[in-house]
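Subject: Structure for your review

Dear colleague,

Please find below the sequence and structure that I am passing on to you. My notes on what was found follow directly after them.

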Amino acid sequence: MDDPPPVTTDEFRRLCEFLYRRTGMVFKEDKRYYVERRIRERIRATGSTSFTSYFARLRSDFRGEAEKLVNAFTVNETFFYREDHQLRCLTTDLLAKRIAAKPRGDPLLIWSVPCATGEEPYSIAIWLLEHWPEVDAYDVEIVGSDIDTQVLEVAREGIFGKRALIRLSPELIAKYFVPIDENSWRIIPELRQSVRFSSANLMDTAEMRAHGRFDVIFCRNVLIYFDESSRRIAAENLYENLVPGGYICLGHTESMSRISPLFEVCRFSDAIVYQRPLEGP
Amino acid sequence: MDKRILIIDDASLVRLYYRDALQRAGYSVDEAMNGLEALEKLLVTPADLLLVDINMPKMDGLTFLKSLRRQPMPLAATPAIVVSTEAAPQDVEAARRAGGNFYLVKPLTQDTLTRYVGLCCGIKS
């Protein structure tokens, strides 16, 4: 099939507007190449003859096209033990504070959102097994969620390439993975069972509420894609997903103080995290 | 050493944590997610020692132990360590009445676990 014709500035804006309304992600002129490449990919994949016919298909959500487009736009590259200083902070400070008010045997909920292909929630599970002496004394539930339903399937499968494992020692790889071939490994079944995956859209208040409340949320490197007002909505949703006293970890370049006044800043030796105050609005 | 330990706990992270310690210490390990699954497994393959959590769905640890002790010999005599976060004297007594031989309170370090498992296996042999 011929290549679809170039996308005009007006078409580019209409698509960005659609993405923004749907996900809160903002793409400006400087991301035009990135956006255009994905639009053309979807035009080709759907066999549409023009942007107009593709856009009609998208707006009517024909054969789930809206979800497919969103999947094409999410950035999913990550690796195990990324920003491990936050994982250290989790086991040295955050969990100690959380369990101070909890009897042993109680549930302890950790949410990785967005979790992409699962590296982060599985990293949390491995880190707890390796570094948290209370791991058998609490009913730890780790949930991984993402807006991209395709990556969730990959996460559930638990198959990873060399690049994803680059930060793990050979001992950890041998302990928690089974080699499939030269370049891929599958996470062992018990670890797969220890993480539950579900879809979540940070902008969808009703859907976010349905996920319940967590002791600790990892929400790293996603709010940077949002504009100010979407960021605030996402932050308010996340606030409601924390138990009072619960913590949220953002990416190291992100700051909640610039987004929302709801949270308190907590400086620990390994990371800066944000807390939903025990008593608050 | 060819001792076979069955870990009965609904939390997969806990099973993984205990299994890692025991396998490194040379035991062969099997796992069950609740008392019912444990009984089914034991009817097929006996174990030398059981690690039994109390709070589990489908069949909790105490019900499991009572049911185990009513099975034919030698299955009924399989030694069991109850491993629980509950540490009050009445919990220990309830576990003993249900048929638990030993009682350990979580959290356990991997060293503590293998030390007690070693002691219990020694007692049996």
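Which residue in strand 2 of chain B stands opposite Leu6(B)? The model is a predicted one, and in it the position opposite Leu6(B) is taken by Asp30(B). The two strands concerned are strand 1 (residues 4-8) and strand 2 (residues 28-32) of chain B, which pair in the parallel sense over five bridges.

Elsewhere in chain B, a cis peptide bond runs from Lys106(B) to Pro107(B), with omega near 0 degrees. Pro107(B) belongs to the loop between strand 5 (102-105) and helix 5 (110-124) of chain B.

As to confidence, chain A has a mean pLDDT of 89, and 97% of its residues reach 70 or more. Within chain A, the lowest confidence falls in helix 4 (residues 65-73), with a mean of 82, and the highest in strand 7 (residues 214-219), at 97.

Chain A contains an open sheet of seven strands in the order 6-2-1-7-8-10-9, and its pairing is mixed. Its edge strands are strand 6 (195-199) and strand 9 (264-267) of chain A, each of which pairs on one side only. From one strand to the next, the twist averages 25 degrees. Within this chain, strand 8 (residues 242-250) and strand 10 (residues 272-275) pair in the antiparallel sense over two bridges, and Ile248(A) stands opposite Tyr274(A) in strand 10 of chain A. Helix 7 (residues 149-157) of chain A lies across strand 2 (139-146) and strand 6 of chain A, and runs at about 165 degrees to strand 6.

A further open sheet of chain A has three strands in the order 3-5-4, with antiparallel pairing. Strand 3 (159-161) and strand 4 (177-181) of chain A are at its edges and have a single partner strand each, so one side of each is left without a neighbour in the sheet. Direction ignored, neighbouring strands of this sheet are turned by 35 degrees against each other on average. Strand 3 of chain A is joined to strand 5 (residues 184-187) of chain A by three bridges, and Gly161(A) has Ser184(A) in strand 5 as its bridge partner.

Turning to the helices of chain A, the axes of helix 1 (residues 9-23) and helix 2 (residues 32-46) come within 11 Å and cross at roughly 85 degrees. Helix 1 of chain A is therefore roughly perpendicular to helix 2 of chain A. The residues of this contact divide into five nonpolar, no polar and two charged. From helix 1 of chain A come Phe12(A), Leu15(A) and Cys16(A), which meet Arg32(A), Val35(A), Glu36(A) and Ile39(A) in helix 2 of chain A.

Two backbone details in chain A also deserve mention. Val113(A) and Pro114(A) are joined by a cis peptide bond, with omega about 0 degrees; Pro114(A) lies in the loop between strand 1 (107-112) and helix 6 (119-131) of chain A. Asn221(A), a residue other than glycine, has a positive phi near 60 degrees, and is placed in the loop between strand 7 and helix 11 (228-240) of chain A.

Finally, the contact between the chains takes 15 residues from chain B and 17 residues from chain A. On the side of chain B that touches chain A, the residues divide into seven nonpolar, four polar and four charged.

With kind regards

Notes:
Residues are numbered from 1 along each chain as its sequence is written. Chains are lettered from A and ligands numbered from 1 in the order in which they are written. This is a predicted model: local features need pLDDT of at least 70, side-chain atom pairs count only at pLDDT 80 or more; totals for chains, interfaces and linings use all residues. Two strands pair if DSSP finds at least two bridges between them. Helices (H or I, at least four residues) and strands (E, at least two) are DSSP runs, numbered from the N terminus. Axes are lines fitted to C-alpha atoms, for helices over the stretch in contact, and angles run from 0 to 180 degrees between N-to-C directions. Angles under 35 degrees count as roughly parallel, over 145 as roughly antiparallel, 65 to 115 as roughly perpendicular and the rest as oblique. Two residues are in contact if their C-beta atoms, placed from the backbone, lie within 7 Å. Ala, Val, Leu, Ile, Met, Phe, Trp, Tyr, Cys and Pro count as nonpolar, Asp, Glu, Lys and Arg as charged, and the others, Gly among them, as polar. pLDDT is the predictor's confidence in each residue, from 0 to 100.
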